[in-house]
Amino acid sequence: MDLLLEYLPGLATSGAHIDPVPPKSSDNFYAYTLLFSLQSEDESSGLITPIVSSFGLGRPGESITNTLRLTRDKCYWLFAHQDGALPSHTDTQILALRSSKHVVALLPLTTNACMGTLRGPLFEPERDLIFARFERSHSATETGQLVVTIAKDINSAIKAAVARARLLLNVPGPLVNTPTINAYIFENKLTYCTWNSLQPPTPTTGASALKALEHFHSIGVRPATFLVDDGWQDVKSFRLQSFDCKKLFLDKIESLGAIVKTAKEKYGVEHVGVWHTIQGYWQGVEPSNFASQYSLIKVTKDGYPGPAEGEGFEYYIPHPDSVQSFFNDYYATLHAAGITFAKCDNMASIDHVISAVEVTYSKSGEEILGSSIDIVTLRKAYVQAVTTAALEAFGAPNVIWCMGMTPRVLLGEIGLCGKGVKRVVRNSDDYYPNEPDSHRYHVFTNTINALLLNELDVQPDLDMFQTHPFISSDGEIHNNSTGISQGSFHASFRVFGTGPVTITDVPCKSNPEILSKMVGDVATAPSPSAVVQASTAFTVLNDVFDPRIMWAGVGRGLKVYVDKTVGIWNVQSGEGKLVDFITASDIAQALGVPANSLSTVVLYIQSSNPANERVVLYDMSNTLHPAAPIRIELDPLGWATIGVIEIKSLGEQGKIASPGLVDKYLALQGIVETRLDGKGGNWTYTVVSKCSGIIGLWTTPAVSVKKVEVNFVSENGDLGSSQNPGLETTDLGKAKWFTLKLKGRSKVIFHLTE
């Protein structure tokens, strides 16, 4: 308790009941539950819902030096900030405080009836005060809950907070070693989305989308999934008019089904999906077109920042009793056209409905308002309707949930309470190719947001991007922030995620070099490209609190660690340059081992700055004279990836290591197996690749390659025909470097002598 009050001294007078969680011997954290009594209110008093209760938690203690927070600056999205100035009018979902010894995480909990968040003070003199805020839809007595954890690092603090929340809400954790959803259609596959791809001057038509698929095939890239984003529906005045496809989108094509058929049969796409909002379209449905089939309600939105519609705006959506039939019929229509997944957008809109009433119409068309609708019932009905309709129409809950980073979504049945089954959820605000300063922040906020979402029943979707410069109505815009550098900046980061990797390139504008560093061919015959991406959730060090990561001028890099790889991105504002170093701490974090257990590794460095690129032996075995840190310099929107490869020995002098597919951003993820066999003077080193690419091999000078055997590997693991690739050798002075170009998923056996 003393440690908690050292970091949050104001809790002593906050009115909270503090319940310390007895630690286990295996725990690397301390956890506390703060309980706040929310008394019932007399409904006859005319109290207006939602009912809000706030409790002052005081200021952070003097030993707190840095802060990170995730705040809903817009109602749909969480935004990462490196300061403790909590806004008074928008919600903070999680707050992390850093001292020289610990990280403290504060996570308010949300239930169906009570939404918990953090907010700041109304008045400037109270700056830095923290308030726990609980919003209820009903006047019944509730208990507000807030979890506080204290750990050595931010990863452990957030992980512990979510684990404690699961126990309090009695929900299971993510299931281990199971698919993300019943059929995770995006895993290690490339997705093409039409959103930024089909903006002026490109026509928003099915023909334009098919032209993009044609271009991908012409450069050897084959997306497995194809998402038709906003622009295809039959809408007018921002209301859905019918379940049909817009005639302007079809242009001269017969139907949506014809577009789907061409995508699958001609371009080998496995899954085609479409976009819609949770309420049909942005401002609901057209009553005159849907009232005869479905019961409708008239809803009123609140004034939370974000939407174009102001506070008090009213629109029409299906009644909770009819919304299941509505989406069953909608998805059945889509299924008949060959659609097998959906992107459900504007999720937050349901959370910001403050009133709903039944509506019917007289014979003359006059609107007749009826009974009020329970808001909690409304929210639950809509999520359940989309989930059930997808399961029935597609055979699996194939839905990307978007614009829904609200407490009721993330801590509800899609996120924390997802019953152990992970669902794909967008992890950040949109990718804006036309906004120069948005690119660096997009990578930063995706990184910090994912620290929370990776712990939920959620597969974070890091959003789409383009591999080419921004294209305006006047043509390509080439500058440091919207030119070609933004393509590789986003691409190198996206593969560090485990969710969908989605491109939204304008037809015929894709950059083949960037695409080839993400994907490869699995077989010799045309088939969907394999994405070489992370297999586990990434982590960070407490360096993410450092404001020098984001400021203008010469600063530090944003470092991310996954699958024995370090990634560094220059996310500084303006034209800020980056000078940073790879140290033993980075290598230990990438390998997931204590720093004092490190010995000698090989580092394979790729970068947007060619001066950084190298393959080098890095010796940390001598604690008195360790290897010097490796300097990394990056221009605006620059990046570097550093593979950390453990070395294997052939006798006394021979050493060998494979950095993987060295033409991919995440080279080590390009191989699925390495094995060293043999003794004496004869050895074999076997490497199995995930897809086509260039395999790299580092050895000491004492090692020679006598012969190489290369065979294709089929999907079931059987060996296929042999390849005869040329082995290229480079003398590095104190080492040798071998490269071999592979044409598909391959098994390579290097016959070696020492």
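Q: How close do the axes of helices H7 and H9 come, and at what angle do they cross?
A: In this predicted model, the axes of H7 (residues 323–336) and H9 come within 8 Å and cross at roughly 30 degrees.

Q: Is that roughly parallel or roughly antiparallel?
A: H7 is roughly parallel to H9, because angles under 35 degrees count as roughly parallel.

Q: And which hand does the crossing have?
A: H7 passes H9 in a right-handed crossing.

Q: Which residues make the contact?
A: On H7, the contact is made by Val 323, Gln 324, Phe 327, Asn 328, Tyr 331, Ala 332 and His 335. On H9, the residues involved include Ala 381, Tyr 382, Gln 384, Ala 385 and Val 386. Further along H9, Thr 388, Ala 389, Ala 390, Glu 392, Ala 393 and Phe 394 also take part.

Q: Turning to another pair, at what angle do H3 and H5 pack?
A: Helix H3 (residues 206–218) and helix H5 (residues 256–265) pack at an angle of about 5 degrees, and their axes are 11 Å apart. That makes H3 roughly parallel to H5.

Q: Which side chains meet there?
A: Gly 206, Leu 210 and Leu 213 of H3 meet Ile 259, Thr 262 and Ala 263 of H5.

Q: What about the largest nonpolar core: which residues touch the most other members?
A: That core has 143 residues, and Ile 154, Phe 226, Tyr 331, Phe 444 and Met 518 touch the most other members. Its largest share, 11 residues, comes from helix H9 (residues 375–394). The core also draws at least three residues from each of domain 1 (1–169) and domain 2 (190–277 + 323–345 + 384–525).

Q: Which other core lies apart from it?
A: Another core, of 26 residues, lies apart from the largest one, and Tyr 7, Leu 11, Phe 55 and Leu 97 are among its members.

Q: What domains does the assignment give?
A: The domain assignment gives domain 1 (1–169), domain 2 (190–277 + 323–345 + 384–525) and domain 3 (673–753).

Q: How far apart are the C-alpha centres of domain 1 and domain 3?
A: Those centres lie 53 Å apart.

Q: Now Phe 290: buried or exposed?
A: Phe 290 is buried, because its relative accessible area is 3% and under 20% counts as buried. Phe 290 lies in helix H6 (residues 287–290).

Q: What surrounds Phe 290?
A: Not counting residues up to four places away in sequence, Phe 290 touches Leu 240, Gln 241, Ser 242, Phe 243, Val 285 and Phe 326. The C-alpha atoms of Phe 290 and Ala 151, which are 139 residues apart along the chain, are separated by 54 Å.

Q: Where is Leu 5, and what does it contact?
A: Leu 5 is in helix H1 (residues 2–7). Leaving aside neighbours within four places in sequence, Leu 5 is in contact with Leu 11 and Ala 12. With 27% relative accessibility, Leu 5 counts as partly exposed. Its C-alpha atom and that of Gly 61, 56 residues apart along the chain, are separated by 8.0 Å.

Q: What is phi at Asn 170 and at Asp 251?
A: Asn 170 has a positive phi of about 60 degrees although it is not a glycine. Phi of Asp 251 is near 55 degrees, again a positive value in a residue other than glycine.

Q: Where do those two sit?
A: Asn 170 is in the loop between helix H2 (154–169) and S11, and Asp 251 is in the loop between helix H4 (247–250) and H5. Asn 170 is exposed, with a relative accessible area of 69%.

Q: Last one, Glu 455: buried or exposed?
A: Glu 455 is buried, with a relative accessible area of 18%. Glu 455 is found in the loop between helix H11 (438–453) and strand S23 (458–461).

Conventions
Residues are numbered from 1 along each chain as its sequence is written. This is a predicted model: local features need pLDDT of at least 70, side-chain atom pairs count only at pLDDT 80 or more; totals for chains, interfaces and linings use all residues. Side-chain values use heavy atoms; hydrogens and water are left out. A nonpolar core is a set of buried Ala, Val, Leu, Ile, Met, Phe, Trp, Tyr and Cys residues joined through side-chain atoms within 4.5 Å. Buried means under 20% relative accessible area, exposed over 50%, partly exposed in between (1.4 Å probe, protein chains only). Helices (H or I, at least four residues) and strands (E, at least two) are DSSP runs, numbered from the N terminus. Domain bounds come from an automatic or database domain assignment. Axes are lines fitted to C-alpha atoms, for helices over the stretch in contact, and angles run from 0 to 180 degrees between N-to-C directions. Angles under 35 degrees count as roughly parallel, over 145 as roughly antiparallel, 65 to 115 as roughly perpendicular and the rest as oblique. A crossing is left-handed if the near helix is turned anticlockwise from the far one by less than a right angle, and right-handed if clockwise. Contact means heavy atoms within 4.5 Å.
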